[in-house]
Amino acid sequence: MRPIKCDKKSDKQLVSLTLKNADYFECLVQRYEEKLSRYIRRLTHLDTETIEDLLQEVFLKIYKNLNDYNPDFSFSSWIYRITHNEAISHFRKNEKKPKTVQIDNEEGVNFLDILPDNISLRDDYVQKELAQKVRALIDELPEKYRAVLILKFMEEKNYEEISDILEIPTGTVATQLNRAKNQFKQLAINNHLHKPDNQ
Amino acid sequence: MSQLAQSIIGKIKKEKVKPTPKWVFLFKRSVIWGLFGLSVLFGSMAMSIILFQLRDMDYSVYKEMGSSLAGFVLLALPYFWVLLLIGFLALACYHLRHTKSGYRYNVFAIIGLSLVASILFGTGLYATGVSGNLEKAFRKIPYYERLHFGKRIIWNNPEQGFLAGTIIHMGDGRIILLRDLKQESWRVDIEKTKMRREFEMERGVRIRLIGTATGDYEFEAFGIAPWLRPMEPPPLFRRMELKK
């Protein structure tokens with residue numbers, strides 16, 4: 001069997017190659033497994049083993065639904081959408097509240113952008129501690145606000161991509177993001193992480 | 001190859017997993033678009049019957065009732081069909097929202113689009129006479145007329161000079177006996193009556209009358225018309241006839 005070459009091939013090319021030869025699916029799995037695994041973890045805080053099982057189900061679903069992919073849309077948004085839906089439905093089925101787990105430094109730090117100027121990140125320790133607290137606050141937000149904040153500030157998706165992933169109009173993305181930021185700020189104030197804007 | 005990729009490709013090969021054929025997705029999409037189309041079609045039918053029934057109202061009586069035109073229209077609106085129109089609009093919006101890129105549109109844009117489609121097609125059905133035929137078919141359904149309760153309220157008001165019912169006896173041509181919408185019998189003097197529309201007056205025909213209640217279950221009629229407006233050529237064809 002000839003080795004599969006993934007480099008320099010676009011997602012769309014890989015989709016059409018996979019439809020002819022399943023081996024090319026390996027390229028798509030390798031390209032996205034880390035990103036999707038991180039996204040599921042950020043969204044649900046499931047343990048590593050469950051995330052791996054879930055990710056396998058997600059990729060099998062993606063493979064089965066490849067003919068449903070519309071090349072006019074971004075492939076990345078399409079598989080994020082499938083992943084999001086699977087993660088949320090798994091999460092709801094198991095009725096688990098997200099639990100805060102040990103996180104990397106960068107995990108909560110991006111959210112600090114929502115709280116400009118008021119927080120000085122003096123050193124790594126403070127930064128990590130803050131990140132932990134911020135991440136815990138994110139978990140207190142309703143699911144739809146949590147998802148939109150994670151996609152914007154951690155996955156660094158733009159409005160159109162978030163719209164395609166969550167299947168909501170871009171106007172609604174903007175509204176939800178605004179509400180999520182306000183709720184987050186309020187939680188931060190209540191937890192003494194942030195001073196009110198007028199102080 | 002990563003462990004996950006290896007395990008997935010292994011599973012795909014071992015279990016002979018195949019991507020679902022394209023036609024399955026095309027079929028699903030067509031069903032959703034079809035349901036959207038049907039919802040718009042039924043909504044348009046409801047719209048066309050609303051237009052038909054609104055035209056069927058005798059607008060000359062609203063002043064005699066001492067009502068405003070807006071008040072009269074509110075009372076006369078065929079609420080059953082209005083509710084059906086709203087229901088089909090909601091269904092159309094639901095199906096449009098579930099099309100492949102339906103989520104990209106604002107909910108108000110979706111409602112607006114479905115409403116405009118129903119109004120346009122509904123007006124088309126009304127202008128070409130389809131709504132008249134639909135109404136004719138619906139009138140054969142028992143109790144259908146009772147759904148148009150606004151009209152019954154307007155014409156079940158002898159104290160104000162509005163009476164409707166079925167002729168139970170033709171008498172000598174001057175006095176007729178009528179059973180009103182509450183199943184009460186009335187003695188109606190039609191000597192000074194002007195026919196508001198040409199129609200066959202006979203036993204069993206339902207009519208509406210404008211006049212004065214002169215005593216206990218006695219009524220003097222000045223105007224008389226059939227309960228249901230007779231079917232006329234659709235507006236589009238009437239206009240063409242006028243041009244000739």
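Residues are numbered from 1 along each chain as its sequence is written, while chains are lettered from A and ligands numbered from 1 in the order in which they are written.

Start with confidence. The pLDDT is the predictor's confidence in each residue, from 0 to 100. Its average over chain A is 83, and 79% of the residues score at least 70. Among the elements of chain A, helix α8 (residues 159–166) has the highest mean pLDDT, 95. Helix α5 (residues 105–109) of chain A has the lowest, 54. Where pLDDT is low, the predicted coordinates should not be read in detail.

Next comes the fold of chain A. Helices (H or I, at least four residues) and strands (E, at least two) are DSSP runs, numbered from the N terminus. Chain A has nine helices and zero strands. Along the sequence, the pattern is α-α-α-α-α-α-α-α-α. Contacts are counted between residues whose C-beta atoms, placed from the backbone, lie within 7 Å. Of the contacts in chain A with a separation of 6 or more, 62% join residues 24 or more positions apart. A residue is buried if 20 or more other C-beta atoms lie within 10 Å of its own, exposed if 12 or fewer, and partly exposed in between, with C-beta atoms placed from the backbone. Of the 199 residues in chain A, 33% are buried.

Chain A divides into domain 1 (8–97) and domain 2 (100–199). These bounds come from an automatic or database domain assignment. Ten residues of domain 1 of chain A are in contact with eleven residues of domain 2 of chain A. On the domain 1 side, α2 and α4 (75–93) of chain A are the elements that give two or more residues. The most come from α4(A), with four residues. By class, this side has four nonpolar, four polar and two charged residues. Here Ala, Val, Leu, Ile, Met, Phe, Trp, Tyr, Cys and Pro count as nonpolar, Asp, Glu, Lys and Arg as charged, and the others, Gly among them, as polar.

Now look at the core. A nonpolar core is a set of buried Ala, Val, Leu, Ile, Met, Phe, Trp, Tyr and Cys residues joined through C-beta atoms within 7 Å. The largest has 49 residues, and A:Ile40 and A:Val148 have the most contacts inside it. Helix α2(A) gives the most to this core, with nine residues. Domain 1 and domain 2 of chain A both give residues to this core, so it lies between them. Leaving out residues up to four places away in sequence, A:Val148 touches A:Ile162, A:Leu166, A:Val173, A:Gln176, A:Leu177 and A:Ala180.

Just after α8(A), A:Glu167 takes a positive phi of about 55 degrees.

Turn to the other chain. In all, 25 residues of chain A are in contact with 21 residues of chain B. On the chain A side, α2 (25–44) and α3 (48–64) are the elements that give two or more residues. Helix α3(A) gives the most, with seven residues. This side has eleven nonpolar, seven polar and seven charged residues.

Within chain B, B:Ser114 is found in helix α6 (residues 107–127). B:Ser114 counts as buried because it has 23 C-beta neighbours inside 10 Å. Beyond its neighbours within four places in sequence, B:Ser114 is in contact with B:Val40, B:Leu89, B:Ala92, B:Cys93 and B:Leu96. B:Gly43 is 71 residues from B:Ser114 in sequence and 8.9 Å from it in space, C-alpha to C-alpha.

Chain B also has strands. Two strands pair if DSSP finds at least two bridges between them. Strands β2 (residues 162–169) and β3 (residues 175–180) of chain B pair in the antiparallel sense over four bridges. B:Thr166 stands opposite B:Arg179 in β3(B). The hairpin of β2(B) and β3(B) has five residues between the strands, and B:Gly171 there takes a positive phi near 60 degrees. Strand β3(B) also runs antiparallel to β4 (residues 185–189) of chain B, with five bridges. B:Leu177 has B:Arg187 in β4(B) as its bridge partner. Four residues lie between β3(B) and β4(B) in their hairpin, and B:Gln183 in the turn has a positive phi of about 70 degrees.

Terms used: Predicted model: local features only at pLDDT ≥ 70, side-chain atom pairs only at ≥ 80, totals over all residues. Contact = placed C-beta atoms within 7 Å.
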